[in-house]
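Student: I would like to go through this structure by asking about its helices, strands and salt bridges.

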Amino acid sequence: MQVFFIHGVATKDAAYSKRLQHLLREEFSKRDKQLPHFYGSFWGAVVSDKGKIWNWVHQDLKELKKNYPQLDTRDVFRYQEFREDFISDFFGDVLTYFNTDRGRDVREIIAEQLRKFLQSSPQDEELHIIAHSLGTVVLWDVLFSDRFPADDPAYVIRSLIQNSGSCELRLKSVTTMGSPILFFNMMLDVQPEKIKAFVSNYQSEALRWINILHASDIIAYPLQSAINAKLMPHFFFRDKYIWADGNKAERAARTFGQAHAAMGIGVADAHSSYWTSPGAARLITANLLNDLSEIDSAKVDTE
């Protein structure tokens, strides 16, 4: 069993998936199952340098302060840490991916890393993909989009998923976490028929896909109705919710009825929490092991 990770926005460390890998190994050991082979793909070095954007912003604020000394620039231009640490990271990476050249670079890196990973265990016939955040959009784009020229690396990835080396390789499961596919598909315009055609190749055993959403992650949205998943044969799709707070500060704010403050406090931690979530690890393990009853019966939180 080979498990391939695709990260999302603001990922600067190639070891981003290590904690989740550890949790998955624990879950497999509890069930006395053979451990999977893991690979955390990394394309974070491709993203644009957003530092210069914030240099410009700070220069403008400095100029504003110079001209109007009585102003508090942190009040005139509020939530600067949140803007810089989350908003600009998210939109900066998204815009980088949808830049024609940079997006191709991302797909080329993923294709090459997937090829090397699959060649490292040629005897394995099971591939499982776990993607987070923008990585889910990249995966969706690669699997289903018709927007690429014939020489795009997306087709290399599709070919690798269908066949690797001398053995028939089968994509057994997909797990998406913190996914904004619902909104980005308004641009990509992948129709349910495209997904239905993809899963029509799964006759003896359905393709499994779970979409995990943290309660406080405003980037993550369900997909089941949008893609008409219930009407597709050979496709086991579930939206699964993690019912928890992003952090203690969010919990405290919600306790005191400060909903808007709670959102700002908790959203960034909630969006990154999947990598360290025992609840997410249990759901992913069930998906990897084809335990459909556990997926459907799971009451999940991260406490």
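The questions and answers below concern a predicted model.

Student: What span does helix α5 reach from its first C-alpha to its last?
Tutor: Helix α5 covers residues 100–120, a run of 21 residues. At 1.5 Å a residue, 30 Å is expected, and the model comes close to that. The span is 31 Å.

Student: Which residue has its backbone nitrogen approached by a side-chain oxygen of N99 at the start of α5?
Tutor: The side-chain oxygen of N99 reaches to within 3.0 Å of a backbone nitrogen there. That nitrogen belongs to D101.

Student: How many residues of strand β5 are buried?
Tutor: L207, W209, N211 and L213 point one way from β5, and these are buried. R208, I210, I212 and H214 point the other way and are buried too. For the strand, residues 207–214, the count is 8 of 8.

Student: In which sense does β5 pair with β4 and with β6?
Tutor: With β4 (residues 170–177) there are 5 bridges, and M177 has I212 as its bridge partner. With β6 (residues 235–242) there are 8 bridges, and L207 stands opposite F235. For β4 the sense is parallel, and for β6 it is also parallel.

Student: Which residues are linked with E27 and K30 in a network of salt bridges?
Tutor: The structure holds 14 salt bridges. In the network that contains E27 and K30, the other members are R31 and E294.

Student: How many residues apart in sequence are the parts tied together by D146 and K194?
Tutor: The closest N and O atoms of this salt bridge are 2.9 Å apart. D146 lies in the loop between α6 and α7 and K194 in helix α9, so the pair ties together parts separated by 48 residues.

Student: Which strand holds R238, the salt-bridge partner of D296?
Tutor: The closest N and O atoms of D296 and R238 are 2.7 Å apart. Because D296 lies in helix α13, the pair ties together parts 58 residues apart in sequence, and R238 lies in strand β6.

Notes:
Residues numbered from 1 in each chain as written. Predicted model: local features only at pLDDT ≥ 70, side-chain atom pairs only at ≥ 80, totals over all residues. Heavy atoms only, no water. Helix = DSSP H or I, 4+ residues; strand = E, 2+ residues; numbered from the N terminus. Expected span 1.5 Å × (residues − 1). Polar contact = N/O pair within 3.5 Å; in protein donor to acceptor, adjacent residues only side chain to side chain. Buried < 20%, exposed > 50% of the residue type's maximum accessible area, 1.4 Å probe, protein only. Pairing = 2+ DSSP bridges. Salt bridge = Lys/Arg side-chain N within 4 Å of Asp/Glu carboxyl O.
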